[in-house]
Amino acid sequence: MRTTTGWQATGAEGLKPARLERRELRRDDIAVRVDYCGLCHSDLQALHNHDGHSPLVPGHEFTGVVSELGPEVTGFSVGDTVAVGNIVDSCRHCPMCRAGQENFCHEFPTLTYGGRDRVDGSTTLGGFSREYVVREDFAYRLPEGLDPAAAAPLMCAGITVWEPLRALDVGPGKRVAVVGLGGLGHLAVKLAVALGATTTVISRTQDKADDARRLGAQEFIVSADSAQMTAARESFDVVIDTVSAPHDLVPYLRLVGLDGTLSVVGYLGEITVEVTDLLIGRKKLSSAGSGGRPATAELLQFCADNAVLPDIEVLPSAEVATALTRMERNDVRYRFVLDMSDLDEAG
Ligand SMILES: [Zn+2]
Ligand SMILES: [Zn+2]
């Protein structure tokens, strides 16, 4: 076993620096020195739900530098800057994997943390650590010109909104609305704008109107204002709903135009929809989450080519507790990224 240092959940005390074990490199593994890891809402969820039985090290959107190669690695060299997202393995032979949608693997993809390694059965430990060992197929070369700190959130927040935008053919001439301007939402806006769509932000209050315009949105709708919502009836081809708390979808279905789609990317659990809300206008209700390998590589290249990066606030990893608390009350514009270099001293 190799060892590294990381932030491990220890029940009520929260995250503490701990010595972690990483597997020895298999034939097609690379070792990555983790430099930057974004903070995702699912990290907060994992910490809240942690029962203490299995080890928990969160973090599933990170960038770093390749430090060592397994003997059969062909895609990387030591010193390459790479990015890793929330999937680190899949079965590789089911129809979804063959279609490049490893995120929908029939045998369930191996998650970057809290997953079960397909070879040795161990629990995977995430990117809040100084080193990660990963199969080369699930690491992505960071294209020239992408800042490694800002690129980290592309690997979860970014790809989660990129796949539906692409699958729904968002581009010039399309009218897109993004519901919720948080980590996912602000990236959905930037990507939709860069794809050439006419983009509108829908938010609960007026607070983020200036931000929305700065991010490139042409229009802004306050969802609590029924007159504004009524005026926008059936005026979008695609509505991307990024709100993760349970909420009524009907007001957003009403905004979808003929043959348009409401894509829900927050996990809402069970939802109820009256069929006539879909029938009138032949509307589609869809969902998406994470991304496959081809789309992930495509996203990184698109962001490099179009200078699209999330708005981030970088903190030393020692301030992870502060970052989590602030994220919980939505006090971040728009994504925290932890700088892991301080773990060298912690070790
Ligand atoms: Zn995530
Ligand atoms: Zn599969």
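Domain 1 covers 2–155 + 311–346 and domain 2 covers 158–287, with bounds from an automatic or database domain assignment. Their C-alpha centres sit 29 Å apart.

Residues are numbered from 1 along each chain as its sequence is written, while chains are lettered from A and ligands numbered from 1 in the order in which they are written. Since the model is predicted, local features need pLDDT of at least 70 and side-chain atom pairs count only at pLDDT 80 or more, whereas totals for chains, interfaces and linings use all residues.

## The core

The largest nonpolar core has 94 residues, and Val32, Val178 and Leu338 are among those with the most contacts inside it. A core here is a set of buried Ala, Val, Leu, Ile, Met, Phe, Trp, Tyr and Cys residues joined through C-beta atoms within 7 Å. Buried means 20 or more other C-beta atoms within 10 Å of a residue's own, exposed means 12 or fewer, and partly exposed is in between, with C-beta atoms placed from the backbone.

Leaving out residues up to four places away in sequence, Leu338 touches residues including Tyr36, Phe128 and Leu315.

Strand S11 (198–203) has 5 of its 6 residues buried, so the rest of the structure largely encloses it. Strands are DSSP E runs of at least two residues, helices H or I runs of at least four, numbered from the N terminus.

S10 (175–179) runs parallel to S11, joined by 5 bridges; DSSP must find at least two for strands to pair. Arg175 stands opposite Thr198. On the other pairing, S11 and S12 (219–222) are parallel over 4 bridges, with Val201 opposite Phe220. The chain gets from S11 to S12 through helix H6 (209–214) in a right-handed β-α-β crossover, meaning that the path over the helix runs clockwise from first strand to second when the strands point away from the viewer.

A cis peptide bond, omega about 0°, joins Arg333 and Tyr334. Glu234 is not a glycine, yet has a positive phi of about 50°.

Note on methods:
Two residues are in contact if their C-beta atoms, placed from the backbone, lie within 7 Å.
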